[in-house]
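Please keep the sequence and the 3D view at hand while going through the points.

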Amino acid sequence: MGIINQVKIGQAEAIALLVTVMSTKLFLTYPLIIVSHGGSAAWQIVIISGLVTLVFFWLILKYIERFPDRSFPETAEYISGPYFGGLLVMLLLLPWLFELTMTFRRFGEMIVIIALPETSIGLIMLIFFCGAGLAAYLGLSTIARACHLVFPFTLGAALLIVAFSYSNWDTDWLFPIFGNGPWITIKEGVIQSSAFYELSFIYALPLVFYAHQIKKIGYTSIIVTTVILTTMVLAYLLVFPAVVGEEPYLPLYNMARSVYLGRFIQRIEAIFLLFWVISGYLWVSVGVYGLCHILKDWLKLPDHRPLILPALIIIFALAFIPQSLPDAVLTVQEYFYEIGFIAIFGLPPLLLLLAVLLGKGGKNNVEK
Amino acid sequence: MQLKYWANKILGYNGPPASMDFELAETEEEQQSASQTGQEENVPASKSRQHKIRKPRKTGPAGDKGDAGGTGDAANQPGGTGAGDNPEQSKPGAAPQEIQVALETNRKIIARLFNLPINKDVIVREFTLSTEPPVPAFLVFIDGMADTKLINNSILQPLMLLTNLESGQGIRPDTCTNVLQRHLPSNQVEKLTLFKDVVTQVLSGATAIFFDGCSYAISAETKGFPFRGVDTARTEQVVQGPQEGFVENLRSNTALVRRIIHSEQLITEYLEVGARNNNNVAIMYLADLTNPALVQEVKRRIRGIKTDYLAESGVLEELIEDHPLSLMPQIIKTERPDRVSSMLLEGKVAIIVDNTPFVMLVPGLLFDFLHSSEDHYVRFSNGIWLRVIRLFAVFLTILLPAFYVAIATFHQEMIPTDLLLSIAAAREMVPFPTIVEILLMELSFELVREAGVRVPGIIGPTLGIVGTLILGQAAVAASIVSPILIIIVAVTGLSSYAIPNYAAAFGFRFMRFVFIFLAAALGFFGISSGLFIMLCLLLNMKSFGVPYLAPVSPKTASSHDLIIRFPAWQQENRPDYQQTLDTRRQPELSRGWVTRQSAKPRGNKANSEGD
Amino acid sequence: MLKNSRQRLTAALLILLVLLFAAGCGSNSEPDALSYVLLIGIDHGAQNLLRVSYLIAVPKVIAGGGQEGAGGGGGEGQRSANVITIEAPSIYASMNMVNSFVGRRISLMHAKGIIFSEAMAKDGSMGVIVPGLTQFRETRGTAFIAVARQKPEEILNKMTPFLETNPAKYIELLAGNQSFTGYIPGEKLQDFYNDLKIGGINPVALLFAVSNEKLPPHNGQSSYRSEGDYVAGEMVKKGGVSLEAMGAAVFRGGKMVGTLNGDETSIYSMFRGQYGRRIYTIKDPLKPGKLVIMDVSQTDKPRIKVKLTEEGPIIEARLSLEGNVLGVNSLIDYSLPRYRPVLEQAFEELIEQQARELVEKTQHEYRSDIFGFGNKALRLVLTQRDWEQLNWAALYEEAQVSVDVEYKIRRTGTQLRLMPIARSNSESIQ
């Protein structure tokens with residue numbers, strides 16, 4: 001297709017990008033959701049869901065290897081015809097849009113709670129919208145480089161919270177060891193693998209990566225993310241007992257609030273806001289970019305940029321549908337996290353299955 | 001595309017820049033391994049480049065004058081500078097373009113070209129060659145631009161007195177050649193056939209000699225205009241290291257660089273910019289080092305400029321830089337020859353504009369602006385400390401006032417209680433909100449700075465100190481600002497002067513105001529939004545095909561000279577992003593004496609497989 | 001077109017700026033437009049539900065009386081902090097109500113402590129209010145939480161530190177003294193809340209009281225009484241600040257069920273691993289009637305093991321302490337290997353006995369596991385459901401607790417040896 005030459009991002013940047021977007025949810029409700037499901041065994045849920053995601057990724061990899069040179073909409077339409085293929089693309093896009101909208105909203109709420117309690121959320125989200133839109137406009141290589149550049153700092157800030165809260169640690173909170181019961185832990189571990197759903201970026205936009213690096217990018221980023229998430233959830237559990245840990249909207253914020261390093265250094269949570277906001281921006285810009293890019297591939301447009309503004313306006317409008325913060329959180333928790341992983345991780349295996357059944361792709365594709 | 005337009009206008013983002021098609025690209029392999037430092041494979045592109053060494057109308061040694069003159073002309077034709085060169089007096093139809101055989105005609109044309117009876121600077125001296133028979137001749141030069149003693153001794157004297165030793169047979173077609181070869185002891189002479197070349201030469205200080213019966217003129221190099229001698233660098237001072245700086249004279253500047261780099265591969269090319277005033281622009285680079293694509297791009301950009309006059313290198317900078325609307329400079333301007341030479345050895349290209357003591361170096365990347373040549377002259381531990389301090393200064397310059405505003409008005413819980421209460425107490429009598437207070441002080445600081453530059457002579461620095469101290473003290477005493485704010489503003493001001501590059505310091509200082517506003521409106525959220533947008537814009541910038549944050553993002557192989565300056569013997573590679581033809585500065589084992597068996601001679605720096 | 005759009009752009013920028021400022025101004029406030037509450041006192045109201053007292057800092061006095069007037073150090077007439085008491089249905093409502101007569105907006109972001117009246121603590125209202133306090137954005141989880149034996153507003157009124165001009169510093173330092181006095185628990189608001197919520201432990205709070213500032217007349221009948229054998233309000237002292245922070249209030253669930261004196265609080269801290277160091281004055285084991293003074297600190301975290309048996313849980317606690325002998329009245333050289341174990345053992349027995357008594361008291365009198373033995377018992381169960389079925393609160397009362405104290409004297413002050421008085425008749429030790 002006569003498209004502006006495809007932007008590619010290198011391995012380190014790709015890993016930084018994926019890890020950033022997958023672990024940004026830490027700053028939002030993720031630890032809360034995990035702890036509310038797993039109790040004192042929440043950290044096991046994270047590990048299990050990481051392992052489950054690795055399995056999913058193995059399937060995704062098989063799919064990508066079969067269709068190395070095609071974008072997702074192309075593959076979907078190639079395998080299952082334009083109509084069913086279109087349906088599949090919608091199946092990818094709608095959860096993406098949904099999560100984007102909700103996260104957008106939750107970031108807005110986060111800023112209202114942490115920093116600007118009396119500012120209208122509309123304004124905050126408008127500014128968010130401008131920043132993220134600009135980044136999406138500048139393109140993926142800029143975003144990926146920003147991720148690569150910012151990642152050490154965000155990670156450092158998160159680890160700093162862990163280190164600072166050391167004096168509040170109590171290993172007792174990790175018991176009972178099986179939390180709400182091993183079965184619940186395993187079940188939730190599988191379900192909560194939808195927390196890794198940003199991994200769908202890999203198969204939705206396979207062409208932005210160098211094909212032979214995808215394997216390493218995927219596995220590394222899943223493992224790194226699992227380690228980060230586990231560390232943070234573990235630290236959170238060490239500071240707050242599971243019963244209390246289920247309560248706050250922003251667990252890491254509460255952790256940062258509880259830091260007391262003497263009379264001079266306390267209540268330093270606002271400093272961490274700097275890093276959280278920047279990773280929020282990165283998350284949203286990656287989401288918007290991905291959304292527009294898939295749409296571009298689907299509609300066979302030459303450039304994604306004209307789609308950004310309309311997409312942002314739609315997201316902006318949708319983000320205000322939930323009436324309140326608990327709505328925005330609980331909706332996500334109930335609908336998205338419960339079924340999201342099927343919709344998102346189910347697509348590549350489905351396509352793979354269809355392709356095998358119909359005998360498309362694979363070797364004959366390569367020969368061609 | 002409204003977004004693009006707005007982003008363009010508001011944020012200095014210049015769209016996908018016009019130079020998007022030019023990229024000093026890494027190989028695909030290198031891009032893939034964006035973080036792996038092991039890769040030292042370089043673009044082996046066109047090892048067999050042909051560098052046309054072009055000099056404007058100046059012959060080398062007298063032996064090959066004919067050829068040299070020819071190439072000089074040829075070089076100028078494709079440059080496009082010839083068009084419209086003639087002063088408006090020379091109406092194309094009225095006067096012939098080429099030098100005539102008849103001396104009198106030439107004299108008239110010259111008189112017309114230079115507005116002779118009116119223009120008192122141009123001197124026409126008529127004389128006669130003492131040959132047999134005598135040949136009438138005249139010479140043209142501009143009083144003040146040419147060295148009269150030189151003309152007397154090495155042009156008029158030999159031509160008028162010494163030519164009679166030869167027994168000539170009248171005017172022959174080779175009179176000029178003869179004269180040129182045997183009677184003109186001037187070191188740079190050139191044959192000219194066009195009047196516009198004569199004009200250019202004469203205007204730049206040469207003396208043109210016309211002979212009767214000759215269809216060309218001879219220009220002899222007699223530049224003798226006054227210029228400032230080499231002096232200490234004014235804007236980039238160092239404690240340890242060379243002190244001299246560039247001057248206004250182009251030739252002296254190239255000589256200053258050449259004096260440091262003794263390499264036959266150091267090329268100086270001349271280009272001319274400006275329709276009305278042919279500004280000489282020199283490009284210097286090391287032929288065996290600098291990526292030819294970069295040199296081509298520099299030349300392409302300079303040749304593509306259509307303007308009438310370059311006042312200073314800053315004007316040229318604006319004309320050739322990638323993102324003119326950005327707050328950050330993308331071209332290094334320096335007045336230190338040592339810095340230029342070390343940059344040339346990194347694979348950068350120097351652009352020297354005549355009449356400017358500031359040399360430009362491209363590509364200019366963010367970290368180049370935070371480096372000073374002194375970092376390398378002091379011991380390496382001190383060098384690291386200098387850089388860390390400077391990086392810290394950058395953050396303070398951009399963020400300190402904004403942080404103060406954000407914390408004091410949005411996040412009071414962060415301030416230790418004692419401090420908060422004393423801030424609140426200090427503000428007890430202050431009538432303004434914090435933002436007004438800080439803007440007031442910042443603006444007066446800027447005022448003091450600007451006035452300190454403008455105030456003549458010795459009062460300048462005094463004014464700075466007096467202005468800040470007294471103003472601050474009085475403002476506090478009058479309860480217009482709180483004392484803590486004076487500290488903030490003073491520290492910010494100090495930090496901004498710790499940034500070695502003037503343009504970069506200016507950019508950062510301006511950004512500070514943006515961040516103050518953001519902080520005043522939205523607290524830390526505003527600051528982090530600003531940081532994010534700044535980061536994205538910086539990441540998107542390129543300077544002559546190199547990403548602006550190059551060694552950091554995209555990460556390239558380390559040259560061990562970024563924030564931490566490694567000891568000299570560990571800086572083995574040149575910056576990877578420059579895509580130099582020779583990547584190594586020195587072999588792995590650069591200190592041969594540390595091993596016993598270092599008997600065999602080591603390769604010099606040009607030898608890429610040193611070990 | 002270009003001119004036109006440039007104007008449009010300028011207009012858009014201006015609108016954006018105005019918008020930013022108009023909207024941003026909601027959340028920001030100048031530091032001198034807020035009044036900073038340093039302490040909150042909460043009591044039952046006489047007419048409304050709550051009587052809330054605020055200790056509000058007066059910045060200009062704290063910063064040294066400003067440039068003019070008041071002379072040196074704060075000025076006599078002006079207090080560096082003022083107390084405001086108001087009755088309101090809730091704490092947050094009371095903040096707004098205070099702002100009907102205080103110009104600057106009340107802010108709790110620098111509240112260093114929260115003091116409840118004993119009545120509120122005892123009837124359980126404190127347990128109801130605390131969760132609401134942690135939910136609020138401004139309050140600090142690191143504020144201390146205390147119970148006052150008198151009216152909280154009286155305590156707040158007595159907060160007139162004589163060393164510090166800034167009461168906040170005084171308050172924070174006072175609560176921080178826990179690390180070297182051991183008389184008060186190191187319980188912060190967030191700890192109190194955590195302990196309130198979970199089943200394995202019950203919260204405690206600091207105990208505050210107004211001191212009576214009377215020195216009884218000498219009658220020649222003074223006798224040894226341990227320095228920790230006081231509860232706030234009982235100490236014999238005069239001068240300084242008429243306040244005492246000593247001992248702890250014990251809670252069962254959200255209700256206060258009793259108090260601990262200073263000694264007991266030290267033991268409590270040892271069990272929780274929060275004990276820093278304190279001075280112990282004990283009777284000389286070899287010469288009753290004489291005293292040994294030691295600086296005792298905790299070396300390791302306490303090792304507490306819980307076992308479940310048919311008869312109930314068995315709790316084994318092991319406390320490791322180390323000490324520094326500061327003074328010996330009896331002139332016995334406890335640096336000698338011969339005598340040192342005697343002193344160590346005597347102290348171990350003393351602490352063990354105090355610990356046993358305290359545990360006994362919490363088991364049967366207070367019926368409240370303040371030591372967090374239940375948290376250790378979490379390790380015995382596998383799942384949350386098992387834990388809920390265990391009903392630790394009931395089990396704790398039947399638990400057999402054995403305390404094992406290990407005490408080592410590490411050094412003897414600045415002296416290596418303590419020589420006898422070199423006089424005739426004085427007993428030669430070597």
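1. A definition is needed at the outset. Buried area is the accessible area, taken with a 1.4 Å probe, that two parts lose on being put together, summed over both. In this predicted model, chain B and chain C bury about 2600 Å² between them. Carbon and sulfur atoms account for 63% of that area.

2. How many residues of each chain are in contact between chain B and chain C? On the side of chain B there are 27, and they touch 31 residues of chain C.

3. Three salt bridges are counted between chain B and chain C. In one salt bridge, B:Arg427 is joined to C:Glu30, with their closest N and O atoms 3.4 Å apart.

4. Which helices of chain B supply at least two residues each to the side that touches chain C? They are H1 (2-11), H14 (380-409), H15 (417-426) and H19 (502-540). Helix H15 of chain B gives the most, with eight residues. By class, the side of chain B that touches chain C holds 17 nonpolar, five polar and five charged residues.

5. Chain A is treated separately. It contains 15 helices and zero strands. Of its 368 residues, 65% count as buried. Chain A exposes about 12300 Å², and carbon and sulfur atoms supply 72% of this area.

6. A last point concerns contacts within chain A. Among those between residues at least 6 apart in sequence, 84% join residues at least 24 apart.

Key:
Residues numbered from 1 in each chain as written. Chains lettered and ligands numbered in written order. Predicted model: local features only at pLDDT ≥ 70, side-chain atom pairs only at ≥ 80, totals over all residues. Heavy atoms only, no water. Helix = DSSP H or I, 4+ residues; strand = E, 2+ residues; numbered from the N terminus. Buried < 20%, exposed > 50% of the residue type's maximum accessible area, 1.4 Å probe, protein only. Contact = heavy atoms within 4.5 Å. Areas by Shrake-Rupley, 256 points an atom, 1.4 Å probe, with all protein chains shown as cover. Salt bridge = Lys/Arg side-chain N within 4 Å of Asp/Glu carboxyl O. Nonpolar A, V, L, I, M, F, W, Y, C, P; charged D, E, K, R; others polar.
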